Amino acid sequence: MNIKILRFLVPLGIFLVLAGFLAAGLKLNPREVPSPLIGKAAPGFALARLDDAAQTVRREDMLGRVWMLNVWASWCAACRDEHPLLVEFARRKVVPVYGLNYKDARPDGLAWLARFGNPYEASLFDQDGRVGIDYGVYGVPETFIIDKQGVVRFKHIGPITREVLQSRIEPLLRELNG
Amino acid sequence: MASPMHLAPRLPAWAAALLAACALLCLALPAAAKEAAPAAADPALEARLVRITAELRCLVCQNQTIADSNADLATDLRGQVHARIAAGETDAQIRRYVTDRYGDFVLYKPPLTARTVALWVGPFAILLVALWIVLRVLRRRPRAAQAPPPPAAPDEGERLRRLLDEER
């Protein structure tokens, strides 16, 4: 090949490679931090129920079922966005939905559920947020799907949308359950 | 003895009063200082806490370290790190604790793994390539300037004159 043409092609080639990286990078959301828990055992917990401080729910109690853990709080504005969708989803009884009431006050949490609806089989009261840290929670709301063996299979950061529900969560649930 | 007040600048009374009030209010400035640091139980422990948390990214305010951030999560994690230092864990163990839960992104110094080797080596590799290109370009130019002009053909003077005449 003529050396002159090569001289044009090399910078063009480098530019195209860089443009490719830029195009890929622009599609990424830097606020979304991938969870290292996917594929690993769900961290253990033993928390009191929000509605009944005397009852404790443990991770071991959940084995044998596919379940959804939704991290929420009464002080979280974005949680209100996804809440109607969660209430509707829970009504269909696809999988049990459990809530993790993260760094909240018991009366506030209960009042919030009374006002906006309660899709949860039970909400776990994580007042100091230790269980939240164990699950890598950094931005409420977050939602986990945990399988029958207690392995975390999916994490969604931010409010659940109908799109995420239909395109990612429901197919996964069908796969895990069926 | 005459009062030195005649040397004072001529301020109207209200201005003088206002100035005095402002000066006195400055005494209240320390009250604005929030977040009094908890009494350092152990300066070495505090120093280690700052050193470790300064290398961890706060995931809520992602351009701050856990040492700097006021986010709730950062405060909680500082408490966790503090407790673990007190319990005798090593720096590596504490970093493992955080990355097990939040991933490698929380470290400001990404670990050198097969996935990150391009990130670490890349800039130096590109720099070397750029230097090589610069050297080649520099080496070529003086040679072209030093090359003597090819010997003129005998009729070039005539052709040149004819060409110049044509252009006019």
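Chain B has a mean pLDDT of 83, and 83% of its residues reach 70 or more, where pLDDT is the predictor's confidence in each residue, from 0 to 100. This is a predicted model, in which local features need pLDDT of at least 70 and side-chain atom pairs count only at pLDDT 80 or more, while totals for chains, interfaces and linings use all residues. Residues are numbered from 1 along each chain as its sequence is written, chains are lettered from A in the order in which they are written, and side-chain values use heavy atoms, with hydrogens and water left out. For the complex, the predictor gives an ipTM of 0.81 and a pTM of 0.72.

The contact between the chains (heavy atoms within 4.5 Å) and the area buried there (the accessible area, with a 1.4 Å probe, that two parts lose on being put together, summed over both) are set out below.

| Item | Value |
|---|---|
| Contact residues from chain A | 17 residues |
| Contact residues from chain B | 16 residues |
| Area buried between chain A and chain B | about 1400 Å² |

Carbon and sulfur atoms give 49% of that buried area. Two salt bridges are found across the interface of chain A and chain B, a salt bridge being a side-chain nitrogen of Lys or Arg within 4 Å of a carboxyl oxygen of Asp or Glu. The side chains of A:K103 and B:D76 meet in a salt bridge, at 2.7 Å from N to O.

The largest pocket has a volume of about 1200 Å³. Of the 29 residues that line this largest pocket, the closest to its centre are A:L28, B:P110, B:R115, B:T116 and B:L119. A pocket here is an open set of points on a 1 Å grid over the protein atoms alone where a 1.4 Å probe fits, with protein on both sides within 12 Å along at least five of seven lines, and lining residues have an atom within 4 Å of a point; the volume is the space filled by probe spheres set on the points, which are joined across faces, edges and corners. Helix α5(B) gives the most to the lining, with eight residues, helices being DSSP runs of H or I with at least four residues and strands runs of E with at least two.

Two loops of chain A hold backbone features. The peptide bond from A:V140 to A:P141 is cis, with omega near 0°, and A:P141 is placed in the loop between α4 (130-134) and β6 (142-146) of chain A. A:K93, a residue other than glycine, has a positive phi near 55°, and A:K93 is found in the loop between α2 (77-91) and β4 (97-102) of chain A.
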